[in-house]
Amino acid sequence: MINAMPLPRIISGIVAVILALGMILLGGWYFTFSLGIIIFLAQLEYVQLVRAKSIIPSAKNTMVLSLILLAISTVSSSLADAMLPLAGTWICFYLLFKPKMATIADISASIMGLFYVGYLPTFWVRLRGIENEAFSNIPLGGFWPENWQHWPQLPQGLTITFLAFCCIWATDIGAYIFGKCLGRTPLSDISPKKTVEGSVFGITGSAIVGTIGAWYLHWPSWPATGIILGLLIGVAGLLGDLTESLMKRDAGVKDSGTLIPGHGGILDRTDSYIFTGPLVFYFVTLVLPLLPH
């Protein structure tokens, strides 16, 4: 039997989905601003996890540079990629010449924060930005559909971002339900509640949603491309979840924060998205164009 999900968890989950759908739909700087708030809060939680290990990262520099990377990604993906090594160099320079001598752990944690919480999420902005300029019809590069009945004709960035989010949600829901019902085999000591059965069903759910989305969007070789996309998202989401669980376990905390009732912190709810964005972006921009239409 599945225990009833706590009401605060259900309500906060519904609110999160509504907000996510709104930012995906609008795109442009609306999407960037919304994601910037998430990155800001996630960086605060990451710094708390690191400081629990008596590590002192360059928190302010990492925070500012992460938001700069996000803003630049809205304008130019290639410029954001060039900015990453420069940002890392600045963080190292700052830590090397601060009054109190920094440790290897201080430098490593700062660069990790820049890459993990700052750089990787920028790929969601890049993904949503595909075709956005051509379809923008409201201020700040935003978009509002004039016809809600023709999803394949909407901006590619909007439909693919929505599909990717649905795959992640399918992974989470499938893993939760089937893990509770059928889960018997522990997946990893990193996260004792996760089971092999739940993970398999979660990834399978993502593959099913990915296949349906690929068919509806008329992708080339849609059965294969849809399954591959779903598997990539399902596995990447699981790895993101385990990575954040490892950090929490090492820091000796149950949740990364308490911001979201019933869910924990921002990192607890967004860990499945961190590694997923780059994979989806490059799958769509590098793999799909190579397939015959």
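Predicted model: local features only at pLDDT ≥ 70, side-chain atom pairs only at ≥ 80, totals over all residues.
**Stop 1**

Select helix H3, residues 59-75, and helix H5, residues 104-119. Their axes lie 9 Å apart and pack at an angle of about 30°. The crossing of H3 and H5 is right-handed. Now show the side chains at the contact. From H3, pick Thr62, Leu65, Ser66 and Leu69. From H5, pick Ser110, Gly113, Leu114, Gly118 and Tyr119. Colour these residues by type: 4 are nonpolar, 5 are polar and none is charged.

**Stop 1: the second largest pocket**

Stay with H3, which also gives two or more residues to the lining of the second largest pocket. Centre the view on Ser73, Thr74, Val75, Gly129 and Asn132, the lining residues that lie nearest the pocket's centre. The lining has 17 residues in total, and the pocket holds about 290 Å³ of space.

**Stop 2: Lys194**

Jump to strand E2, residues 191-195, and select Lys194 within this strand. What does the side chain of Lys194 make a polar contact with? The partner is the side chain of Asp241, at 3.1 Å. Next, show the surroundings. Leaving out residues up to four places away in sequence, Lys194 touches Thr185, Pro186 and Leu187, along with Leu238, Asp241 and Leu242.

Note on methods:
Residues numbered from 1 in each chain as written. Heavy atoms only, no water. Axes fitted to C-alpha atoms, helices over the stretch in contact; angles between N-to-C directions. Helix = DSSP H or I, 4+ residues; strand = E, 2+ residues; numbered from the N terminus. Left-handed = near helix turned anticlockwise from the far one by under 90°. Contact = heavy atoms within 4.5 Å. Nonpolar A, V, L, I, M, F, W, Y, C, P; charged D, E, K, R; others polar. Polar contact = N/O pair within 3.5 Å; in protein donor to acceptor, adjacent residues only side chain to side chain. 1 Å grid on protein atoms, 1.4 Å probe; cavity = no way out; pocket = protein on both sides within 12 Å on 5 of 7 lines; lining within 4 Å. Points joined across faces, edges and corners; volume = space filled by probe spheres on them.
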